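Welcome! Please take a moment to look over the sequence and the 3D structure before reading on.

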Amino acid sequence: MNQSDNKIAKIFFVISATSFIIAMIFLIIGQKESIKYISFSESLKLKSEKMRIVELYNSFNPMNKGFHEVINSDTSLQNYILSNFEFIRIKTNDEKEMKLYKKYYGEGAPGLLMIFDKNLRPVTFSFPSSDSKTIRAIFDEILNINYIFDDEIEKAIEKSKANGKLTLLFISRQMNDSYGIYNLINKENAKQYIAQNFNLTLLADYYDKDKAKIQELSDKFNLSDVINNTEVGLFMILDGNMNLISVIDEKSDFYDNSGKKFVEKLQDAVSKSINNAK
């Protein structure tokens, strides 16, 4: 190889190396995250009125990758998420954070978005989408569900004492029960009647803190068989003095499309409460 060939080879190497470095710079810039993440350990100390998105993140999971590509390229979606949620990321290879998460919530499914309320109670879960409109629609619905069940049972009972309404408590047996219940109580005929006569709250059987409260109610009203044998959850209707007015479980066939049967059960409970007060 002559000197001319050596020069050409060196120039080619410099160009190739430079191109590689530039490409890596753009790749790193392109992967820069736009969302501010909180660690799970930080979230346990956080005082916030916002709901929490907990992402069990695996960089090799295509669901995680597609989800973040959309978020990082859509400023409007970023602002929407940060306005309504605290975003918590747990890397699945971070043993310390995963161990802490499992202590509170057990095994999680990598790639999923777990949704918690402001009290860190699980509300539902969602699969990450790579479509901006779909992400917005899912989070809109989640915010509506949280708004309905925002009160803890103690606060709901206090409200019942103050405003004379009954407390409508839903005991959830599965994490995605809340979607079906939201659709049920948001039907126009049910929505109006509930707003006039009830304070809403929820206890989750899959959350340790709520499980103790459910057990307490179960023992008090001798409902262990009813609660343990329901798959889709049940409603308990209580007055402001924590007296049990009625129970609406899946055997009551309240999951009709119109919501009519559900409203009839609520009307029966209100009538019973009025009669008890006489």
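What follows is a short tour of a sheet, its helices and a cavity.

This is a predicted model, in which local features need pLDDT of at least 70, side-chain atom pairs count only at pLDDT 80 or more, and totals for chains, interfaces and linings use all residues. Residues are numbered from 1 along each chain as its sequence is written, and side-chain values use heavy atoms, leaving out hydrogens and water.

Let us start with the sheet. Four strands form an open sheet in the order β2-β1-β3-β4, with mixed pairing; strands are DSSP runs of E with at least two residues, and helices are runs of H or I with at least four. Its edge strands, β2 (85–91) and β4 (122–126), each pair on one side only. Two strands pair if DSSP finds at least two bridges between them. β3 (residues 113–116) and β4 pair in the antiparallel sense over 4 bridges, and M114 has F125 in β4 as its bridge partner.

Angles run from 0 to 180 degrees between N-to-C directions, with axes fitted to C-alpha atoms, for helices over the stretch in contact.

| Helix | Lies across | Angle to β2 |
|---|---|---|
| α4 (residues 75–84) | β1 (51–57) and β2 | about 100 degrees |
| α5 (residues 95–105) | β1, β2, β3 and β4 | about 115 degrees |

Where does the largest share of the lining of the second largest cavity come from? Helix α6 (residues 132–148) gives that share, 3 residues. The lining includes F67, L113 and F127.

How values were computed
On a 1 Å grid over the protein atoms alone, a cavity is a set of points where a 1.4 Å probe fits but cannot get out, and a pocket is an open set with protein on both sides within 12 Å along at least five of seven lines; lining residues have an atom within 4 Å of a point. Contact means heavy atoms within 4.5 Å.
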